[in-house]
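Good morning, colleagues. Please turn to the structure on the screen, and I shall begin with the DNA contacts.

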2 protein chains.
Amino acid sequence: MLLSKSCVYGLRASLYLAGHQSENYIPIRQMSDKLEISFHFLTKILQQLTSAGILESYKGPNGGVRLIRSGEDVTLMEVVLAIDGDYMLTQCALGLPGCGVMKPCPIHEKWAETRDKIRDMLESTTLTELAKKGKDLDLRITAEGGFEDL
Amino acid sequence: MLLSKSCVYGLRASLYLAGHQSENYIPIRQMSDKLEISFHFLTKILQQLTSAGILESYKGPNGGVRLIRSGEDVTLMEVVLAIDGDYMLTQCALGLPGCGVMKPCPIHEKWAETRDKIRDMLESTTLTELAKKGKDLDLRITAEGGFEDL
DNA sequence: AGGTTTTAAGACTCTTTAATCTTAATATAA
DNA sequence: TTATATTAAGATTAAAGAGTCTTAAAACCT
Ligand code: SF4
Ligand code: SF4
């Protein structure tokens, strides 16, 4: 799979937060319920996003987690990098050790092109953009329901 | 990772075979040595390609494995499908259960575009094409060496 | 102060993928 | 026919990824 499951969860949670443009912290429990993701697992993933400087967290009652910057300024790429690292964008098709332009494998040329498409997509798409689209069209964010159920 | 390790090994072995346009069977041991892949593991992967109708095998002395059709007629897609299935091309970014155009997630539109690029690349690239390029430019196929060492 | 709500951190378990090891089956050749 | 070379198949082990559980720390509230 292109993105690890952790990363997908991280993206969905980030979209959730971007869909709640509130100054309040959102409890992880609420997100894990709505998004149907294991609470403890999600907690760990959000910790990664917190230490990556994408989220900030607060303990205790009325605590939770929220985006530091506005969702308009956060690209999918940032979230992916924080969770999966740049493996996908540097390693690739044949994944030979230390490969690259210097001594490429035969797929390199074609693959690099494809890979750049993925990078461009991740870099040019923001959380807010997707959350807005999700709300306007009531698109899916959970297994069953859409943004309206959030 | 986009492709599983098994799949990458399968691709490299297929390229190896395409680079040896010989009517003889090539022993798996020879390939596993040259490509630095565990013999038994590679054997299993090639069995998948054999039962998928991409390779044919022969036992005993002078036995081994070879492409059924010419490498010109075999696309990367065939190899990928035989080993990893179509998961990568149907599932994707958020990977919600049963997702798709009917009730898409907010990334769907952008992702589908990217995904088609990957599909096109895999479908339009043949083993022979890459093997030829690999030979002409002595590109990498193993960790250390290039096609010349095959 | 003491109890409650929440995130943080780490140990632990389960599942999947990767890799190894053993035995069987098939073909060749001397 | 016996020894050897090779793929086929299945059991086993190892490593990584995913998920759960427990305890700690921080913040709030009465
Ligand atoms: S040479 Fe390029 S395409 Fe090939 S494995 Fe390395 S980065 Fe990927
Ligand atoms: S809706 Fe489309 S982009 Fe979203 S997870 Fe499903 S297939 Fe992927």
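In this predicted model, a polar backbone atom of A:I28 lies 2.6 Å from a phosphate oxygen of DNA strand C, a polar contact being a pair of N or O atoms within 3.5 Å. Chain B reaches the phosphates through side chains: an N or O atom of B:S38 is 2.9 Å from a phosphate oxygen, and one of B:Y58 is likewise 2.9 Å from a phosphate oxygen. The elements giving two or more residues to this surface are α3 (39-51) and β1 (55-58) of chain A, with α1 (5-19) and α3 (39-51) of chain B. Helices (H or I, at least four residues) and strands (E, at least two) are DSSP runs numbered from the N terminus.

I turn now to helix α6 of chain B, residues 108-124. Its buried residues (under 20% relative accessible area, 1.4 Å probe, protein chains only) include B:W111, B:R115 and B:L122. Their cover includes α6 (108-124) of chain A, as well as α4 (76-84) and α5 (87-90) of chain B.

On conventions, residues are numbered from 1 along each chain as written, and chains are lettered from A and ligands numbered from 1 in written order. Local features need pLDDT of at least 70 and side-chain atom pairs 80 or more, while totals for chains, interfaces and linings use all residues; side-chain values use heavy atoms, without hydrogens or water.

Conventions. Polar contact = N/O pair within 3.5 Å; in protein donor to acceptor, adjacent residues only side chain to side chain. Buried < 20%, exposed > 50% of the residue type's maximum accessible area, 1.4 Å probe, protein only. Contact = heavy atoms within 4.5 Å.
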